[in-house]
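Please look at the sequence and the structure together before reading on.

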Amino acid sequence: MARILFVVPPLAGHVNPTVAVGAELARRGHVVAWSGPPVVRPLLPPGAELFVAGEAIDDAMVGAVRHRTAGMRGAAALKFLWEDFLVPLARATVADVADAIVSLRPDVVVSDQQTVAGALEARRAGVTWVTSATTPAELVGPFEALPKVGAWVRQQLVDLQVSCGVPVEDAARGDLRFSDELVIAFTTAELVGVPVHAPSPVAFVGPAIGGRPDGPDFPWEQLGPHPRVMVSLGTVNDAAGSRFYAAACEALGALGGSHVLVAPPDDVAASTGMPPANVVVRPRVPQLALLEHLDAVVTHGGNNTVCEALAHGIPLVVAPIRDDQGIIAEEVVRAGAGVRVRFGRIRPAELHAALAAVLEVPTYRDAAKRLAGSFARAGGAVAAADLLEAVAAKAHGAPLAQEG
Amino acid sequence: MAAHTDTAPGQAGEAAWTQDAILAAVATLVGEVIGEDYLEGIPITMATSFADDIEMESIEFVALAERVRERFGDKVDFIGWLAEMELDEIMGLTVGQLVGMILACLTS
């Protein structure tokens, strides 16, 4: 029996894969717990052990961060991500993460690439740690063309550690985003499509889906004839988001069929008035159940939604907004499983044409199905659990091992 | 391919590029990339910021880099120029900086 601690950020896309892996490990009799802000509680299975890290990080605070990032793109979004979100998140949680490690005495800490507090404290405690990469962004050398930007991100991590009392020479070693032991990537090499740039071994397990609490209700009787498209942009709340909702409603209205727009109904009404009769607007949906019934998905390029659609063999239209979404959009295009469109300046005709392509040209669906096959072969949560068991066994064999 | 006019400077034997001519050409390329109608009410000047004023998306920026190469030739090393930039420089990038880089490349 091993003891595994997942250190996660307050982001559903980063928590969900750990839930699936945690469920598999628990099924095998291992002790599994999470460390993260209280807002991750609803994402975990009932009764899951959560060591709260960053008690003050509530829905209002996460919402405020989302609100501030809404209008940001590109370099400004990257700066904000590290300076105003990930580094403060680490500072607010390190002490609690350290306490969780003391309390649980894990054999392995699984630290999300964006919750560097997990890596920091595991390193400091001499506990074996593994990186959870829930997005491919950091694996494809995102800063190769912008080396000074890459150096800036690294410096944020060094400065963070020094400010947390880590000796300068220790802080400069390695990279909190990449465990020397293992990086578990919840995607496949087939989807990433380019050689990996990582300083440590990367294991592709594919998306780890399932094990989650049930989703919200859905009015299934309102799903009508095919084609059926879901439009889901995550949380957008700026003018560009409103333009996209309006363009989506117009494109979907003209497309015929029966569609789902995942968005706050008030925002959609404010953007476009009454949505077309063939578009159901819901603030949240039971996405996995809904995907069983769909023909295409329009997304901003969140890795979970992209991988879940592809796992169902569903082609995509991707309108990336910021952060890793451009990289994810490019991999979908490269794999032939979808079309990339603009987000801010999308036109209804452009979106309609993209949707018509992925719905009518069979190569997109064929590529999506091929990727679904790569996901199934990669093993998902079962493969990730196998890897963590092996790392835990190795950690047991070397109780004095320092650093991961 | 971006359209070349018969009188475009910089062609073999033609007059050298000026800052104003490059600015006008860049403004046209920006309009082609993001759509002329989206540029209504946004004058493209040397001070125009790609991020704040035009809200240029990365895919549009890549398209602009390609059009700049087509329009001005391989002497203009857009990618190499960006590679030297700090994060804050990229955030604050202006049309004027791009125009200045192009001018420097073409006259060096």
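How many residues does helix H1 of chain A have, and what distance does it reach from its first C-alpha to its last? Helix H1, residues 12–27 of chain A, has 16 residues and reaches 22 Å, which is close to the 22 Å expected at 1.5 Å a residue.

## Confidence in the model

The model is predicted. It scores ipTM 0.81 and pTM 0.90. Chain A averages a pLDDT of 93, and 97% of its residues score at least 70. Over residues 399–404 of chain A, however, the pLDDT is below 50, and this stretch has eleven contacts in the model beyond near neighbours in sequence.

Chain B averages a pLDDT of 85, with 86% of the residues scoring at least 70. Its residues 1–7 have a pLDDT below 50, and beyond near neighbours in sequence that stretch has six contacts in the model. Where pLDDT is low, the predicted coordinates should not be read in detail.

## Helix H1 of chain A and its surroundings

H1(A) is mostly covered, since twelve of its 16 residues are buried. Among the buried residues are His14(A), Asn16(A), Pro17(A), Gly22(A) and Glu24(A). After H1(A) comes Gly29(A), whose phi is positive, near 95°.

On the side of H1(A), the contact is made by Ala20(A), Val21(A), Ala23(A), Glu24(A) and Leu25(A). On the side of H15(A), the contact is made by Gly380(A), Ala381(A), Val382(A), Ala384(A), Ala385(A) and Leu388(A). By class, the residues of this contact of H1(A) with H15(A) divide into nine nonpolar, one polar and one charged.

Another pair of helices in chain A is H3 and H5. The axes of H3(A) and H5(A) come within 11 Å and cross at roughly 30°, and H3(A) passes H5(A) in a right-handed crossing. Trp82(A), Val87(A) and Ala90(A) in H3(A) meet Val153(A), Gln156(A) and Leu160(A) in H5(A). The contact of H3(A) with H5(A) has five nonpolar residues, one polar residue and no charged residues.

Which chain is in contact with chain A, and through how many residues? Chain A places 18 residues in contact with 17 residues of chain B. By class, the side of chain A that touches chain B has nine nonpolar, three polar and six charged residues.

## Chain B

The secondary structure of chain B comes to five helices and zero strands. Read along the sequence, the pattern is α-α-α-α-α. Of the 108 residues of chain B, 28% count as buried. Among contacts in chain B between residues at least 6 apart in sequence, 72% join residues at least 24 apart.

## Particular residues of chain A

Val268(A) is found in helix H9, residues 265–272 of chain A. Is Val268(A) buried or exposed? Val268(A) counts as buried because it has 23 C-beta neighbours inside 10 Å, and 20 or more are required. Not counting residues up to four places away in sequence, Val268(A) touches Tyr245(A), Leu261(A), Ala263(A), Pro275(A) and Val281(A).

Two residues other than glycine have a positive phi. Arg105(A), in the loop between H3 and E4 of chain A, has a phi of about 50°. Arg105(A) is exposed, because 12 other C-beta atoms lie within 10 Å. Asp323(A) lies in the loop between strand E12 (316–318) and helix H12 (325–334) of chain A, and its phi is near 55°. Asp323(A) is buried, because 21 other C-beta atoms lie within 10 Å. Finally, the peptide bond from His226(A) to Pro227(A) is cis, with omega near 0°; Pro227(A) is found in the loop between strand E7 (202–204) and strand E8 (229–232) of chain A.

Definitions and conventions:
Residues numbered from 1 in each chain as written. Chains lettered and ligands numbered in written order. Predicted model: local features only at pLDDT ≥ 70, side-chain atom pairs only at ≥ 80, totals over all residues. Contact = placed C-beta atoms within 7 Å. Nonpolar A, V, L, I, M, F, W, Y, C, P; charged D, E, K, R; others polar. Helix = DSSP H or I, 4+ residues; strand = E, 2+ residues; numbered from the N terminus. Expected span 1.5 Å × (residues − 1). Axes fitted to C-alpha atoms, helices over the stretch in contact; angles between N-to-C directions. Left-handed = near helix turned anticlockwise from the far one by under 90°. pLDDT = per-residue confidence, 0-100.
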